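Subject: Structure handover

Hello,

Here is the structure you are taking over.

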Amino acid sequence: MSAVRQQQSTGTQQRTITIRNPITGESVGTVPRHTADDVIAAVERARAAQKHWAETPFRDRAAIFKRFHDLILQDQDAIMDVIQAESGKSRRDAFVEIFALACAARYYAYHGWKHIRPRRIRGGIPLRARAKVVYRPVGVVGIIGPWNFPLLLTVDDAIPALLAGNGVVIKPASLTPLSAIWAREKLIECGLPEGLIQVVTGPGGEVGNALIDHVDYLMFTGSTEIGRKVAERAAGRLIRYSMELGGKNAMIVLADANIKHAAIAAAEGAFNNCGQVCINWERVYVEAKIYDQFVSELIEQTKKLRLGTGKEFDYDLGSLISREQLEKVEEHVRDAVEKGAKVLVGGRPRPELGPYFYEPTVLAGVTPDMLVHSEETFGPVLSVYKVESADEAIRLANDSRYGLNAAIFTRRRRYGERLATRVDAGTVSVNDTQLGWITLHGPMGGFKESGVGRRHGPEGIRKYTEPQTIATNLTNFQIGSFETALSINRRMIGFLTLLLKLWRRIPFLR
Ligand code: NAD
């Protein structure tokens, strides 16, 4: 991949990893296979650059990300080529990464400051003290990303971390490191100090662990299983972390929904990126009254999806990322069929298109003993369930160890919004698929085993800071335990008790 130059290795080792196109098997680039020592050196480089960066006014930091926003739109063909080459996704799905990343750059460049600027707060004791909170950068943030959105799910989280005044070291997934390396080059082109952002490449165990051992905050996106290990390691150092993990997301279609709209949204929300999206639907609960109609519309919409590869926007679904992923999808469908589920559409690999292509698949008759019922498939497989009521749909949607994303389709929007508060998921859309993700002003993340912490919104930038309270005594006297006029003796306690009683009753002071 000529567009992507290798990031400089520290020279402590010469080994490289060849990145291959999952569809053709061709080499599309090489990256260093970094060691733990390389990671330590990368963290030190970021730490050295961060000192000056933390003193840079926010508006100067933001200017870089406004340029970055424009540059990724301008150079979109180049980055889509890189994303497609290393992930095998469709052009359309590659563009989604650019769209979402531009939104994150815009949001934090224009709104980030109001979440981290110093805030005056009420002093601890009226008339005696004033106080403020300042949000100081944590130092160096480590970002470990997955392969399903190689550009978005590395840089999206780096933007607020950098804007908050931190250095960043990114460890992209081993299969897809080229997009993050491309983005680093673009950020430097836009004016980001070179040392401030580092990309380290290599196996998760070695490089990822070394990163956790040396950064000041860890942002992890990936599976719940690895997330748990990462959390344990980070907890051992008492560094803070946030985790965006797996999902088994449910969509609910009520009897009064616009059936065609719901069916299109079900197919789009289940099969985009070939189902390899943490917030995609893997379950849809449909009220009995419209079940048959919805299912036939869903089948029709699913049949319209075009599988294939190319640099045009002719295809909806590209390839799965790897043999491992294909085998997981096949296992889930095979297991379901063997136990009595029915394939309504799809259900087959498509080797003539490429080794890891799989048809978008809709299953009915799925029962709790099947793998696909509760385990995350992370592929183009959607199970449809018939329910008797909204209450049953919500109960079943919540019956999962995950709680990432959900949707409710109904013509009664306010009712949908009320029901949403009963669904245990970090984002719930009413009459849409992934609106929660693109609602940058609000937090996005997981309940239960789908994550810890949030990205986006105020939480998505404040988490990269250490809030510090600065309280100033405006008087020259001290209340103490020694025998002075203001010592805490019986008389003073009586006075303080009276003050506390009054204080609770004064609205602008309490
Ligand atoms: P994964 O957990 O296998 O890997 C994620 C990252 O962790 C990779 O960079 C990997 O190299 C690294 N890693 C592996 N072992 C490690 C270790 N011991 N210590 C530190 N790092 C280690 O996930 P994946 O297969 O790349 O991605 C798919 C999963 O990610 C799915 O479960 C999906 O739901 C989840 N995901 C979640 C979100 C979200 O926002 N909640 C977004 C995308 C993907």
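A cavity here is a set of grid points where a 1.4 Å probe fits but cannot get out, whereas a pocket is an open set. Please keep in mind that the model is predicted. With that definition, searching the whole structure gives three cavities of 30 Å³ or more.

The largest cavity

Its volume is about 80 Å³. The lining of the largest cavity consists of 13 residues, and those nearest the centre are Arg283, Ala397, Gly403, Asn405 and Asp424. Three strands, β10 (249-253), β15 (402-403) and β16 (405-409), contribute at least two lining residues each. Sorted by class, this lining holds seven nonpolar, three polar and three charged residues.

Domains

The protein chain splits into domain 1 (2-245 + 457-466) and domain 2 (249-445). Taken over C-alpha atoms, the centres of domain 1 and domain 2 are 29 Å apart. In the contact there are 35 residues from domain 1 and 38 residues from domain 2.

The largest pocket

The largest pocket has a volume of about 1,000 Å³. It is lined by 39 residues, and Trp147, Phe220, Gly222, Ser223 and Ile226 are the closest to its centre. Two or more lining residues come from each of α7 (204-214), β8 (217-221), α8 (224-237) and α11 (323-338). The lining of the largest pocket comprises 16 nonpolar, 14 polar and nine charged residues.

Where does the largest pocket lie relative to domain 1 and domain 2? Both domains give residues to its lining, so the pocket lies between them.

A helix pair

Helix α3 (residues 76-87) and helix α4 (residues 91-116) have axes that come within 9 Å and cross at roughly 120 degrees. The crossing of α3 and α4 is right-handed. On the α3 side, the residues in contact are Gln76, Asp77, Ile79, Met80, Asp81, Ile83 and Gln84, and they meet Arg91, Ala94, Phe95, Glu97 and Ile98 of α4. The residues of this contact divide into six nonpolar, two polar and four charged.

If you start with one site, the two linings to look up are those of the largest pocket, with Trp147 among the residues closest to its centre, and of the largest cavity, with Arg283 among the residues nearest its centre.

Regards

Key. Residues numbered from 1 in each chain as written. Predicted model: local features only at pLDDT ≥ 70, side-chain atom pairs only at ≥ 80, totals over all residues. Heavy atoms only, no water. Axes fitted to C-alpha atoms, helices over the stretch in contact; angles between N-to-C directions. Helix = DSSP H or I, 4+ residues; strand = E, 2+ residues; numbered from the N terminus. Left-handed = near helix turned anticlockwise from the far one by under 90°. Contact = heavy atoms within 4.5 Å. Nonpolar A, V, L, I, M, F, W, Y, C, P; charged D, E, K, R; others polar. 1 Å grid on protein atoms, 1.4 Å probe; cavity = no way out; pocket = protein on both sides within 12 Å on 5 of 7 lines; lining within 4 Å. Points joined across faces, edges and corners; volume = space filled by probe spheres on them. Domains from an automatic or database assignment.
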